[in-house]
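Here is a friendly walk through a few features of this model, as questions and answers. Have the structure open while you read.

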Amino acid sequence: MDLFGISFLGLNVVPIILVIAGLVALRMFFNLNTLAWMAAWWVGLYLMLSNGITVPLPGSIVGMFMGIITLALLVYLTTSGEDLEATKDFMVKFFTDSRYSPALLAFLVLLPSLVAYNVYTGMTQQPQAPVFGRTIHPPPPTDITFKGKKIDLVNDDNPYRILKETDPDAFAAHVANGRKVYYQNCVNCHGDDMGGNGMFAHAFDPIPASFKDPTTIAMLQESYLFWRIAKGAPGLPDESTPWSSAMPAWEKFLSEEDIWDVIIFLYEYTGYEPRAKEELH
Amino acid sequence: MDRRKLPFTIITIVVLVLLGITVQNVMNSWSLERELMGPNIEAAPDAVTPETPHTTEYRTFPKIGSRVAIWIVAQLHLMFAAFVLAVPMFALIIEYIGYRNGDKKYDKLAYEFTKLLSVSFSFTATLGAMLTFMLMILYPKLTNYLIGIFSWTFFPYVLLFFAEAGFLYSYYYGWGKFSPKVHLALGLGLNIVGTAIMFIANAWLTFMNSPAGINEAGQLVSMWDAINNFTWMPINIHRILANVAFGGSIAAAYGAFKFLGATTEEERAHYDWMGYIGNFVAISAFLTLPFAGYWLAKEIYAYSQSLGIVLMGGTFSWLFIIQAVLIGNLFLAANYYLWVSMERIDGAERFKKFTKYLLAAIAVCFLVWATPHSLVASVEEARSMGGSHHPMLGVLGVMSAKNTAVNIMILTTYISFLLYRRGNKEPTVSWSRTGNLIQFSIFAVVISFVIFLGVYGYFVDTATRVGLSVPQVLSVLFAMVSVTAIDVFMYKNAKFKGEMRWGQIPARAQYALFFLAITFTWLMGLMGYVRAGLRQHWHVYGVMRDTSVDAFTPTLGFAAGVVSVTVMIFFTFIAIVFWLAGLTGKKDWEEDKQLETSSGLLAEEA
């Protein structure tokens with residue numbers, strides 16, 4: 001049985017328990033000075049971040065978190081004058097007192113070894129595509145031309161949205177049409193439950209958006225979705241490169257009404273409301 | 001070498017090395033951009049067409065290009081202007097406190113702050129003139145258009161500038177020469193005029209971001225609407241608060257600078273106190289800034305979804321991660337200063353045990369605040385996450401989590417200040433236990449409420465979620481006001497457990513003040529870039545396109561490099577200001593003494 005596979009609330013239970021047990025044991029059985037205690041915390045938190053979460057964190061995030069943690073630990077170490085003095089005394093003793101010679105020797109061997117190991121693993125890695133800080137929501141233009149008609153992305157709304165209040169039957173017909181459009185065109189990538197897990201999804205990098213995610217369509221106005229669907233990847237703004245998206249420009253295949261309908265369906269299916277336009281003051 | 005000067009020397013060397021690296025990086029990126037842009041960047045449009053005022057849209061600035069030149073000068077002008085507008089605000093308040101309680105040390109401190117103003121005012125005016133000339137020379141079409149829209153605002157602007165010079169110099173040179181009431185009135189006049197100047201200038205720049213009062217052809221319809229455009233008032237409020245935070249931090253850095261060079265106990269005590277007051281001003285204003293910033297961002301989104309997305313979700317979203325890291329650092333450094341300062345308060349050691357919990361709260365909130373929504377990941381990492389959002393961390397990348405984190409950081413900083421304030425005091429009122437219990441309950445309830453609203457935000461639509469920030473902010477303000485009110489009464493006739501040993505603060509706290517000043521300045525430069533860069537390829541958003549060779553958004557690294565160089569130039573100028581301000585306290589040069597010294601030396605040599 002893979003003990004490390006025990007997961008609870010997205011956390012790997014065993015590494016977390018081991019780290020906590022290690023810190024408790026250090027506390028109970030060793031009289032560590034503040035510097036050693038900070039080092040133990042640093043290692044423990046690093047192990048938790050790199051092994052304690054079921055879906056591993058990207059290296060960039062672990063690096064950033066460890067940077068912040070290092071800063072916080074340094075703040076703690078230097079806040080108290082007593083601790084700071086004790087640390088300085090210890091450092092001097094560590095380098096000068098013969099009691100610490102074996103430890104110093106180990107340190108002097110270990111430090112360059114770690115650097116060498118890091119260099120070795122870096123050099124022997126398989127070549128990988130460079131990583132980018134990709135932004136999910138590209139900035140939209142103020143207006144677009146759709147089959148010769150100007151669509152104002154700032155002021156225009158979904159023309160059929162109002163039917164929800166004024167003519168529910170007509171609105172239901174638009175939802176039904178949107179459903180048809182979705183399952184004929186979008187399902188292969190965005191999935192039958194809109195989770196971004198359609199049968200083609202994993203051939204793409206990045207994988208298609210999950211509309212169930214509360215940070216995608218729920219945060220956007222409908223005109224934004226119209227722009228993304230109509231213009232697809234070819235219509236992404238130049239200034240926002242690097243963009244990688246396999247989204248087709250659906251204006252070549254769908255009518256304006258179809259696009260507004262599928263937008264309505266996305267919101268009806270997921271239960272989200274489109275982002276309302278804020279009141280201008 | 002004097003041991004006390006060692007940190008100075010090390011820091012100077014580090015700064016020089018960093019400056020060298022930054023300039024090298026900026027030059028490299030700039031060369032790369034020139035290479036990528038090809039011959040266009042070299043081909044000045046006016047090289048072919050004979051130049052007349054009506055045909056020239058742009059002129060090229062040598063070497064660094066027009067945009068970078070304007071960028072640096074505008075940023076420097078703004079930094080000095082912010083300082084000149086902010087210092088009189090708290091100088092006046094400190095002077096007023098001294099006038100009310102009769103304690104001369106407040107008056108002395110206010111004067112010390114004001115001493116920094118006169119040279120800074122000259123720098124501001126010179127840089128302002130330089131900016132105006134450069135705009136006219138390098139961007140004649142845009143400048144012409146803006147002058148056409150705002151022509152009538154320039155007259156009051158110039159007149160107010162005259163008035164500001166009058167108020168400032170009479171306030172500074174009239175120190176101790178007028179009755180306190182007249183002097184305070186001069187200070188008040190200085191503040192009113194300064195703020196009015198800023199409001200007018202803000203109208204010009206906010207118009208470029210959110211134009212109003214014009215017709216579809218871009219012609220002026222209503223000047224008041226053009227002034228009172230959608231982002232004018234949010235920027236006004238945001239800038240007032242940011243200026244005070246920035247000005248306070250620079251003044252605190254001045255205190256730290258003087259403290260480290262002080263030779264007597266009295267001087268050390270005075271500059272320790274000055275650093276503390278400057279920092280107190282800076283942090284008090286800083287605590288309100290996230291609210292003002294959020295309001296501004298909300299108004300930008302309300303004005304245009306496109307601008308809102310460019311700002312927070314699109315092109316500039318990664319820049320906000322840098323902003324988060326800087327703000328997290330500001331919170332850490334502000335608290336660090338308070339915790340280290342408590343070493344000079346006898347009796348404050350009883351609060352030392354709370355430090356680690358406060359630090360843990362700030363560190364956790366910092367981690368949440370800095371977590372990006374979409375993560376930088378390799379293909380393999382992204383596949384294992386199922387996209388660019390991590391299933392656990394993804395939820396921390398949106399405003400619900402970030403608002404919650406920043407509100408708790410604000411409260412934590414406030415608690416640090418509360419402990420500092422109580423350092424050497426013991427309440428004597430009979431209800432102190434009940435008072436503490438009520439204060440604790442307020443914190444517990446408000447923190448729970450803030451977290452509850454943060455979590456609740458994930459279950460409501462976006463408009464409601466954005467609206468939830470208001471009760472979060474109000475509850476935090478309620479906690480700070482009510483706890484302060486209780487504390488004031490509870491510690492009214494408090495017993496002193498020990499002394500406040502001004503001047504005996506560890507030097508590392510002073511370096512924290514330098515760090516705060518530099519970080520505030522850097523942050524100001526970065527956010528200034530966002531506000532202007534937000535328009536992308538527009539000079540006036542949606543009205544006048546930027547058709548120059550610079551009509552592209554620079555890389556984040558390049559922008560950060562330009563901001564860093566600007567900050568370094570600013571601090572070089574500020575060092576000059578500090579030096580000049582310090583001259584007034586020096587002893588007069590005496591010819592006889594010089595002659596004596598010279599003849600003594602000659603005699604020794606003979």
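Q: How many salt bridges are there over all chains?
A: Keep in mind that this is a predicted model. A pair counts when a side-chain nitrogen of Lys or Arg is within 4 Å of a carboxyl oxygen of Asp or Glu. By this rule, the count over all chains is 18.

Q: Is B:Glu112, the partner of B:Lys115, buried or exposed?
A: B:Glu112 and B:Lys115 both belong to helix α3 of chain B, three residues apart, about one turn of the helix. Buried means under 20% relative accessible area. B:Lys115 is at 11% and is buried. B:Glu112 has a relative accessibility of 5%, so this residue also counts as buried.

Q: Which residues are linked in a network of salt bridges with B:Glu426?
A: B:Glu426 forms a salt bridge with B:Lys497, with their closest N and O atoms 3.3 Å apart. B:Glu426 lies in strand β1 of chain B and B:Lys497 in the loop between β2 and α18 of chain B, so the pair ties together parts 71 residues apart in sequence. The residues linked with B:Glu426 in the network are B:Lys497 and B:Arg350.

Q: What is the distance between the end C-alpha atoms of α16(B)?
A: α16(B) has 25 residues, and at 1.5 Å a residue they should span 36 Å.

Q: Which helices are included in what covers the buried residues of α16(B)?
A: The buried residues of α16(B) include B:Ile442, B:Phe443, B:Val446 and B:Leu453. Among what covers the buried residues are two helices of chain B, α15 and α17.

Q: Which helix gives the largest share of the lining of the second largest pocket?
A: This pocket holds about 1500 Å³ of space and is lined by 49 residues, of which 38 are nonpolar. Helices of chain A and chain B each supply at least two lining residues, among them α2 of chain A and α16 of chain B. The largest share, nine residues, comes from α13(B).

Technical notes
Residues are numbered from 1 along each chain as its sequence is written. Chains are lettered from A and ligands numbered from 1 in the order in which they are written. This is a predicted model: local features need pLDDT of at least 70, side-chain atom pairs count only at pLDDT 80 or more; totals for chains, interfaces and linings use all residues. Side-chain values use heavy atoms; hydrogens and water are left out. On a 1 Å grid over the protein atoms alone, a cavity is a set of points where a 1.4 Å probe fits but cannot get out, and a pocket is an open set with protein on both sides within 12 Å along at least five of seven lines; lining residues have an atom within 4 Å of a point. Grid points are joined across faces, edges and corners, and a volume is the space filled by probe spheres set on the points. Helices (H or I, at least four residues) and strands (E, at least two) are DSSP runs, numbered from the N terminus. Ala, Val, Leu, Ile, Met, Phe, Trp, Tyr, Cys and Pro count as nonpolar, Asp, Glu, Lys and Arg as charged, and the others, Gly among them, as polar. The expected span of a helix is 1.5 Å times one less than its number of residues. Buried means under 20% relative accessible area, exposed over 50%, partly exposed in between (1.4 Å probe, protein chains only). Contact means heavy atoms within 4.5 Å.
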